[in-house]
Amino acid sequence: MNCVLQNSEERVYSLETGVQFLNAGLQVIRGDTVAVLGEVNLEKEKSIDFDKVKANQLPPIFSNTH
Amino acid sequence: MQSQFFQTYFRGLIERCVSVTIELKNGLQIQGQITYVDDNLNFNLVDPEVSDPVKQPQLITLKNSFIRGSTVKYVHIPQEELQEEVLISACKNEVKKQKQ
């Protein structure tokens, strides 16, 4: 299941700074690299101060041999 | 030809509105009610909640989520909803079928 995302943004989580938002424009994503796909709750999103969210990146699902 | 048994089993969980925890291959645990499952054991969950929202806040704002079957390591099912006998007898039937 390949997908095309418009007006997409990449979120980079780190322990040093808050969440960084990178503009990623239009993306074509190959289905076999997808893990989770979901609808975002915008109200909940507004209530979160992303500058204060500090977290490690999620560990990879796919190994290098994938 | 892959067995249809697990799909049927998960359909039963959907009908009984059982809440399960799905553990991905990277260790991320997502809890929620299954609403859909297909041949590839892709899942749809409503109101997904991650087990550790402080350490892993990436998915906390999701209303629902589609989880690709190939990324799933475990599905944790509550003990009282497990139906162990059903699973055991179905596995025995599978083995019999394969021997034939």
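Buried denotes under 20% relative accessible area, exposed over 50%, and partly exposed the range in between, with a 1.4 Å probe and protein chains only. Helices (H or I, at least four residues) and strands (E, at least two) are DSSP runs numbered from the N terminus, and contact requires heavy atoms within 4.5 Å.

This is a predicted model, in which local features need pLDDT of at least 70 and side-chain atom pairs count only at pLDDT 80 or more, while totals for chains, interfaces and linings use all residues. Residues are numbered from 1 along each chain as its sequence is written, chains are lettered from A and ligands numbered from 1 in the order in which they are written, and side-chain values use heavy atoms, with hydrogens and water left out.

Chain B contains 2 helices and 5 strands, arranged along the sequence in the pattern α-β-β-β-β-β-α. Its C-alpha trace spans about 50 × 25 × 20 Å along the principal axes. Of its 100 residues, 38% count as buried. Among contacts in chain B between residues at least 6 apart in sequence, 48% join residues at least 24 apart.

The two helices of this pattern meet each other. The axes of α1 (residues 5–15) and α2 (residues 84–99) of chain B come within 11 Å and cross at roughly 165 degrees. Here the axes are lines fitted to C-alpha atoms, for helices over the stretch in contact, and angles run from 0 to 180 degrees between N-to-C directions. α1(B) and α2(B) are therefore roughly antiparallel, on a scale where angles under 35 degrees count as roughly parallel, over 145 as roughly antiparallel, 65 to 115 as roughly perpendicular and the rest as oblique. On the α1(B) side the contact is made by B:Phe5, B:Phe6 and B:Tyr9, and on the α2(B) side by B:Val86, B:Leu87 and B:Ala90. These residues divide into 6 nonpolar, no polar and no charged; Ala, Val, Leu, Ile, Met, Phe, Trp, Tyr, Cys and Pro count as nonpolar, Asp, Glu, Lys and Arg as charged, and the others, Gly among them, as polar. Just after α1(B), B:Cys17 takes a positive phi of about 55 degrees.

Within α1 of chain B lies B:Phe10, which counts as buried at 6% relative accessibility. Leaving aside neighbours within four places in sequence, B:Phe10 is in contact with B:Ile34, B:Val37, B:Leu41, B:Phe43, B:Val75 and B:Ile77. B:Phe10 and B:Asp38 are 28 residues apart in sequence, and their C-alpha atoms are 9.4 Å apart in space.

Aromatic rings form a further theme. The structure holds 5 aromatic pairs over all chains; rings of Phe, Tyr and Trp (its six-membered ring) pair if their centres lie within 6.5 Å, and planes under 30 degrees apart count as stacked, over 60 as edge-to-face and the rest as tilted. The rings of A:Phe21 and A:Phe50 have centres 5.4 Å apart and planes at 90 degrees, so this pair is edge-to-face. A:Phe21 lies in strand β2 (residues 20–29) of chain A and A:Phe50 in the segment after α1 (42–46) of that chain, so the pair ties together parts that are 29 residues apart in sequence. A:Phe21 is partly exposed, with a relative accessible area of 36%, and A:Phe50 is buried, at 11%. The rings of B:Tyr9 and B:Phe10 have centres 5.9 Å apart and planes at 65 degrees, so that pair is also edge-to-face. Both B:Tyr9 and B:Phe10 are buried. One aromatic cluster is formed by B:Phe5, B:Phe6, B:Tyr9, B:Phe10 and B:Phe43.

B:Thr71 sits in the loop between β4 (62–67) and β5 of chain B and counts as buried at 0% relative accessibility.

A:Asn7, in strand β1 (residues 3–12) of chain A, has a positive phi of about 50 degrees although it is not a glycine, and counts as exposed at 69% relative accessibility. B:Gln83, in the loop between β5 and α2 of chain B, has a positive phi near 55 degrees and is partly exposed, with a relative accessible area of 36%.
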